[in-house]
Amino acid sequence: MVNTLPPSGLRLNSKGLILDPRQLLSASDKQIDFARLETLAGQSLVQIRDLDHETIVQVCKFAALLELTQIARHRPLAGKLIITAFFEASTRTRLSFESAAARLDARVLSVPDGKVTGVAKGESLADIGEMFNSYGDIVIMRHPRVSAIEEIRSNLILPLLNAGNGTDEHPTQALLDWYCLFKWRPELMSGALAPDRRLHLGVIGTPANMRAVRSFLLLALMQPHAVAKISLLSEDARPLDASLEAAVAASEVPLELVDANLDEVLPEFDAVYMNSIALLGGSYQELDQRYALRADSPFRKDAVVLHPLARKAELDVSLDDTAHNLYFAQAAGAVYLRQALLISMLGAIDRVPAGVQYLAS
Amino acid sequence: MVNTLPPSGLRLNSKGLILDPRQLLSASDKQIDFARLETLAGQSLVQIRDLDHETIVQVCKFAALLELTQIARHRPLAGKLIITAFFEASTRTRLSFESAAARLDARVLSVPDGKVTGVAKGESLADIGEMFNSYGDIVIMRHPRVSAIEEIRSNLILPLLNAGNGTDEHPTQALLDWYCLFKWRPELMSGALAPDRRLHLGVIGTPANMRAVRSFLLLALMQPHAVAKISLLSEDARPLDASLEAAVAASEVPLELVDANLDEVLPEFDAVYMNSIALLGGSYQELDQRYALRADSPFRKDAVVLHPLARKAELDVSLDDTAHNLYFAQAAGAVYLRQALLISMLGAIDRVPAGVQYLAS
Amino acid sequence: MVNTLPPSGLRLNSKGLILDPRQLLSASDKQIDFARLETLAGQSLVQIRDLDHETIVQVCKFAALLELTQIARHRPLAGKLIITAFFEASTRTRLSFESAAARLDARVLSVPDGKVTGVAKGESLADIGEMFNSYGDIVIMRHPRVSAIEEIRSNLILPLLNAGNGTDEHPTQALLDWYCLFKWRPELMSGALAPDRRLHLGVIGTPANMRAVRSFLLLALMQPHAVAKISLLSEDARPLDASLEAAVAASEVPLELVDANLDEVLPEFDAVYMNSIALLGGSYQELDQRYALRADSPFRKDAVVLHPLARKAELDVSLDDTAHNLYFAQAAGAVYLRQALLISMLGAIDRVPAGVQYLAS
């Protein structure tokens, strides 16, 4: 069935691995559980643990369907108004959401920069949330403060999609990271993967103050059936805060802190997750140069690298042309993963044509 | 008839009074005079006195209809292009207009910030007006200079909607203020209200350098049948300029300047209008702290507070949960009032389906 | 046939010459060669010489058809996503492209300012190009560096439309300049114009560091059948760089450097092209005041002035009300010229209704 899906929806990245979403759908033994996706309607997504594992799998399968088919032509978000409120500047995440929305025919109210808002004059996020209630249907917010979520929700009636709150979480980034891993190895979605097929993940960075790394790690810890072990390399003596330590303690996935040169342990990893920039007391700090990856780094033959981008020197461009480059494919899937979330959260699953739903069954 | 209107169009604010637009339509003895609204096609709206009272009433009734029905689904502004030119930063007003436009399927060309325009390089507003002629169908402009209106109109062929020009006017704010008061007490629209039912308005601020207060006051002065008296409290020794003094002199509504503590006179007011920020010689000045309102201020039992927001300390958040809070409902109606204006000014009244027009008759 | 075209598509400028696109279509002895326009699908437009002369003529004829008809109502760019990436601030060019796109029902992802992008954090244009691959269907880029084109194309799969790269080129500006000249004198499109009807062009500025002047000049040099002579006035001792000198040497159009007061040679010119601002080592430099044009400058009776705007003192507003003012008409045609390019490059020629194509035949 999947072979009959039109290839016209396929968009390719310019270098590195090209992933085919059909494998994700083929490997999955069950059809997409749209009823489960419908439970997301009207809900907020603030942290990765707002979703259970089965829902995450369904979101990823729906994203694959969106990547493969022309659902966008049916304008499932026509008449919907999406507010992108980026009080911390971003282009990659904001444009990805706005592209996702526009292709589904939603309208976007864009706040690309806190400096042009009442916030600059001292307006509270609670008042801004109240303002948004009558202006749109969902709010996608990025903010440099962890507490911004709580503040805006004091008045906000609309669903809220957290696109990064300070050093806390960036859940849609983690979802698209794993959507990419699932396309790369669909067997990871299965609940019955042989232990020797599970991943040894190398995570480079400081989850305590890097929100993308935190959310990725939290989602990894939810998947003992897919992750054999996590090795964490950080320049920080205490890379986990109390909340993360609790999550590690509660998970069946073993996590070890590694105090070694990256090149010594790199050959053990199936997949490496790294990030560039840590928020530290309101300013940005780049990753230590000794954690840099290059084309000649001692990778396992089929190992892959994920990186949320933008990058600094830690991810050398010499890697781009190698088969270790999964980060371009990771970025290329972002729009579809976010479309799957927007359609679900905006209660528009029923606008996905039955024929397309059938294709996925 | 009104009872059969679908409630699905109703959007609620999170706190304070919730207003039902049906009461405005029910109380009104006449159907909406669409022919009168059609006279706005192609016209500009620069100051509140560009509209007569009867037209203002019809605009508010049309706004109520928009709030109650699904007219937006008929895409009355499809193919129309709206330019929002905010040479003075604003989020609240700009997003409100852009939300209004997007929900009616208009397209928006957004200039959120004068700093990214040719203005920053010294381009004249006359030249920018000429540029806009070929780029859109209407211009919504905010500018820190009073004279900006005159400057851009020297070449502008398109209709112009003034969203605030320096210390002068902000007419759509005044219209949405009164749209809210009409929803709160529909009898105010009537020409035959008993004198003891007319409002005693307390206005806190300096109309001479606060454009929202100026436009609100000018519209209040046009309504002797609805306003018994206006008490004006200002920290400024001369809160009215010559133009406002002439408007007061020409009106049947008595206006008194009050030099007292707010709490002494507050029990007399049916409705209080206040604002945060005065433009004073190009910089902003906050309202004096002695004019602050709180939940325990000595309000008349059913008195309401209007405020165009954003706010500073003068409007304490303790008021939000009280029945005096009309400002959240005021903000929630902004989108509909602006839709009514845009549809009328863009000559799209005839795209409102006849069935919906009939509902309103 | 052309007389039956609906005039409703005609938009007028406020002052100066009003041009009728019908004359351009009437004068042209051949119908629009849509097959030739279809060859632009998926192509980039980086420099004026990416197009041959015959294609440029067809683009201009298509622009005239767009200006005259209601093609926009057929939503030829519905479902297309256009990225406007302006790493150097601009309003005029960006809004012109966004207006062009919106009227054809395309969606726009707008990057109005490099400061809100990852570029500000040091992200490479190559990585940004890779990001754009999955976000849209075409990229319109302006950048202060000449090399930006090469940098972004290292990863970019999408077609690229150059909206100005440093001191190099601004090809769509040159196309709309000549679209305006063709509307003014349709005979210029003909390959068989008598020598004494060809234009003597006066070009004021420094093509070596003014990209609009460079592209205009390069297109002029491609048209010996329309241009008798070019006189170049510049405050710079060497206004042509090696690349431009080569283009002059390869052209049949004679070009002379004039070291005289403008008023002495102005009476010889049929058309004057001037610009305001030169990029010089990363900063802007205004045109020398001795090159100013005013209403009382000694123009030939029917001479016209083109200027890409915005302007400084070199183009006095006293000219606006004269018949020498072709620059307002030039600006008014920009949207249609850019629509013709976008429809062609996005492969949407086949969405232009056959009836409209027939009208043009």
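**Note on the domain and chain interfaces**

1. In chain A, an automatic or database domain assignment gives domain 1 (2-170 + 335-359) and domain 2 (171-332). The contact (heavy atoms within 4.5 Å) takes 45 residues from domain 1 of chain A and 43 residues from domain 2 of chain A.

2. This is a predicted model, in which local features need pLDDT of at least 70 and side-chain atom pairs count only at pLDDT 80 or more, while totals for chains, interfaces and linings use all residues. Residues are numbered from 1 along each chain as its sequence is written, chains are lettered from A and ligands numbered from 1 in the order in which they are written, and side-chain values use heavy atoms, with hydrogens and water left out.

3. Between domain 1 and domain 2 of chain A, the buried area (the accessible area, 1.4 Å probe, that two parts lose on being put together, summed over both) is about 3600 Å², and carbon and sulfur atoms give 67% of this area.

4. Two salt bridges (a side-chain nitrogen of Lys or Arg within 4 Å of a carboxyl oxygen of Asp or Glu) are found across the interface of domain 1 and domain 2 of chain A. Glu67(A) forms a salt bridge with Lys183(A), with the closest N and O atoms 3.0 Å apart. On the side of domain 1 of chain A that touches domain 2 of chain A, α3(A) gives the most, with eight residues. Helices here are DSSP runs of H or I with at least four residues, strands are runs of E with at least two, and both are numbered from the N terminus.

5. Chain C can be laid on chain A with an RMSD of 0.0 Å by a turn of 120° and a shift of 0.0 Å along the axis, the superposition being by least squares on the C-alpha atoms of residues with pLDDT of at least 70 in both. The two copies are therefore related as by a three-fold rotation axis. The copies use different surfaces, as 8% of the contact residues of chain C recur in chain A.

6. Contact between these chains takes 25 residues from chain C and 30 residues from chain A. The area buried between chain C and chain A is about 2400 Å², with 49% from carbon and sulfur atoms.

7. Four salt bridges are found across the interface of chain C and chain A. Arg107(C) forms a salt bridge with Asp105(A), the closest N and O atoms lying 2.8 Å apart. Two or more residues of the side of chain C that touches chain A come from each of β2 (107-111) and α5 (125-133) of chain C, and α5(C) gives the largest share, five residues.
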